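Please open the model in your viewer and keep the sequence panel beside it. The tour below moves from one selection to the next and says what is to be found at each stop.

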Amino acid sequence: MRVEGAAFVAPSTRFTPVSPDHTMQILIYGTINSVALALFALGFAMVYGVSRLPNFAHGALYVTSGFITWTFVNTLKLNYLLSILLAMVGTGIIGALIYQFVLIRIRGMEISEIMATYAIGLAILEGLRWGGFRGLTYTLPAFIEGSTEIAGVSVDYQRLLVVGIGAAVVAALWLFTHYTRIGLALRGMAQDERAAMMLGIDSDLMALAAMGFGSMLAALGAVVLLPLGNIVVEAGYNVLILAIAVCIVGGLGSWIGAVLAAFIIGFAQILTVVYLGAHYQMVVALLAIIITLILKPSGLFGLQKELEERV
Amino acid sequence: MNASKEQRRKERLDRGIKVRSESIYALMSWRELSYLFLPRFVLIGGLLMLPLVMPSMYWQRVISIVCIYALLALSFDFLAHYVGLVSLGGAFFIGTGSYIAAILNTSFGLSPIFTIPIATLLGAAICTVLLLPCLPLRGVYFAIVTLMYPLLFARVIEALDILGGTDGIMGIESFANRWMEQYFIIAMVLILLFGTRRLVNQDIGLVFRAVKDNDQSVRASGMSVTYYKSIAVFIAAAIGCLAGAYLVHLYMWAGLSTLALDFSILPIAATVIGGSGTLVGPVLGAFILVPISELLRAFGTLRIVFYALILLAFIIFRSEGIMVYGQRKYHQFEKWIKV
């Protein structure tokens, strides 16, 4: 059982290392990479923030939605946009079902939560691998083909779209959590679950909603980012690690922290690729996790009290 | 009478023979003695018999691998349920132990008799030192950071191309003969199983459990929590590194796959299935899970799906595990009573 493959490159950063003097290139690709990381992490951050569930099946949901889209487009010959929407809804439903039938029974037992979500993720990913989804044949078409030049750096439209959609998602999430009833309820849950329950917010329903929305965010990230590369099962494990890295550096449960941490890790990764080599990309993310946990476990904007997580 | 309206609960009482056999009264009769010794005898006798009854070399090799996982599961169970440190980094212990043993064997030409003990102690020391900064962490934070260690270790080896890089270290000496190979690891499983069981009932075991339940009280008693945690990590890492060093001499090869997630996940699955906190349960779990996974080898990655689902089912429906269930049936009467 080899659960981590050799293709350990984040899909958004598949470009040839640039020469060190290209500051603009670093800036532009760093931004793109950071937005990609934010897209990986937002769903994870949302689920953890609302229901304190570390969703280790996040990467699996990401890959699943890619394969669902691929199936809709190539097997059922549906419209691309329609398949994307269907895949997002489908992944959201899968996430909600996982919560309703599995996680609801073990909420609050941290280790069981990790084990159960990890087992689900493993089952989905290895099931997909067994089902024949492997190799380099599975690709999604870019939304808009072609590329342009910004300040002398060539960027393709899909990558620009990633940045645009990422910004739109963050803005939409902010509006959603500040101006809609369900969004406010989710925030209430995230701040204090018991107080929220006293005010008549159904905690299980909200956790279900969070898991559904979180899975949809994973799916959104997948359909936006996967056209940049191949859909491979290994991506599931990478996405999970990157999402965890971003969430931990930003502080588990903090969405703003997650976005900020995505930029820190994103630029750190691009800089390592430029100056050290692509091999070190994952090392940066892993080191970021370890260093943050050792120095300040609550992360940059963590909501947890220091006392709860360390002696 | 409508059964659904009637409130019932299960009452459990210790069997008389259990109470009698707990102290000096165990010597009262052969019955009490056999009540005590039967489970132990089945375990020890069964393990010692295993290599003899295995039909082929292949299955004997499987027994060795089972024992490696059993040791890891034992180490996980000890750390998680007696000290409260949930380590998802079993692969880190295995990797450290195996690379040290491999280097000692290929570069210094030491035989397995020396490499295994040295790799065990040195590896445990290295693991403890590396994990030392994370020891103040608790719960999910410690779990995540330990999960990242083997991944980081593997990436660093890959990136720097040290320790044989992606090819690994080859040409490592194997054991003198296959009986030694088998019985060495079986003896180790038995010794460490009974050893840790004894350890957790000593005074230090009491402190370990206090660290798990209420670390502030340990600190209030003037004892250093980090000190006791590091001792516990050293013990658990030593068990893991021993398994790793043995693995290297079994496969005659050390490489990145010793850091693979199998070594982190399968022992945990074994612990959940076998019964957490019983120490013998995880060993039993490994003896159930690994052969199943071997039998399913023909199905490729489907077997991972399979045991992910088994694990999931156990977590949700039978989180106590086989051993706790078995112990309850062995020691107690059960009957339904009306409330």
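**Chain A, from end to end**

Select chain A and colour it by secondary structure: followed from the N terminus, its elements run α-α-α-α-β-β-α-α-α-α-α-α-α-α, which amounts to twelve helices and two strands. Bear in mind throughout that this is a predicted model. Of the 311 residues in chain A, 54% are buried, and among its contacts between residues at least 6 apart in sequence, 76% join residues at least 24 apart.

**Helices 5 and 8 of chain A**

Next, select residues 157-179 and 203-225 of chain A, which are helix 5 and helix 8, and look at how they are set against each other: their axes come within 10 Å and cross at roughly 165°. Because angles over 145 degrees count as roughly antiparallel, helix 5 of chain A is roughly antiparallel to helix 8 of chain A. The crossing of these two helices of chain A is right-handed.

**Chain B as a whole**

Taken along the principal axes, the box filled by the C-alpha atoms of chain B is roughly 75 × 55 × 45 Å. Buried residues account for 46% of the 339 residues of chain B, and of the contacts in this chain with a separation of 6 or more, 76% are between residues 24 or more positions apart.

**Helices 3 and 10 of chain B**

Stay in chain B and select helix 3 (residues 57-82) and helix 10 (residues 225-251), whose axes come within 9 Å and cross at roughly 170°. That angle makes helix 3 of chain B roughly antiparallel to helix 10 of chain B. Among the residues that meet here are B:I68, B:L72, B:S75 and B:L79 from helix 3 of chain B, and B:A232, B:A236, B:G240, B:A243 and B:L247 from helix 10 of chain B. The contact between these two helices of chain B has 16 nonpolar, three polar and no charged residues.

**A stop at B:R9**

Is B:R9 buried or exposed? Centre the view on this residue, which lies in strand 1 (residues 8-14) of chain B; with 9 C-beta neighbours inside 10 Å, B:R9 counts as exposed. Leaving aside residues up to four places away in sequence, B:R9 touches B:I337 and B:V339. For a sense of distance, draw a line from B:R9 to B:V140, 131 residues apart in sequence, and the C-alpha to C-alpha separation comes to 34 Å.

**Where the chains meet**

Finally, bring chain A back and select the contacts between the chains, where 38 residues of chain B are in contact with 39 residues of chain A. On the chain B side, the elements that give two or more residues are helix 6 (139-160), helix 11 (262-274) and helix 13 (302-317). Helix 6 of chain B gives the most, with 13 residues. Coloured by class, the side of chain B that touches chain A shows 29 nonpolar, four polar and five charged residues.

How values were computed: Residues are numbered from 1 along each chain as its sequence is written. Chains are lettered from A and ligands numbered from 1 in the order in which they are written. This is a predicted model: local features need pLDDT of at least 70, side-chain atom pairs count only at pLDDT 80 or more; totals for chains, interfaces and linings use all residues. Axes are lines fitted to C-alpha atoms, for helices over the stretch in contact, and angles run from 0 to 180 degrees between N-to-C directions. Helices (H or I, at least four residues) and strands (E, at least two) are DSSP runs, numbered from the N terminus. Angles under 35 degrees count as roughly parallel, over 145 as roughly antiparallel, 65 to 115 as roughly perpendicular and the rest as oblique. A crossing is left-handed if the near helix is turned anticlockwise from the far one by less than a right angle, and right-handed if clockwise. A residue is buried if 20 or more other C-beta atoms lie within 10 Å of its own, exposed if 12 or fewer, and partly exposed in between; C-beta atoms are placed from the backbone. Two residues are in contact if their C-beta atoms, placed from the backbone, lie within 7 Å. Ala, Val, Leu, Ile, Met, Phe, Trp, Tyr, Cys and Pro count as nonpolar, Asp, Glu, Lys and Arg as charged, and the others, Gly among them, as polar.
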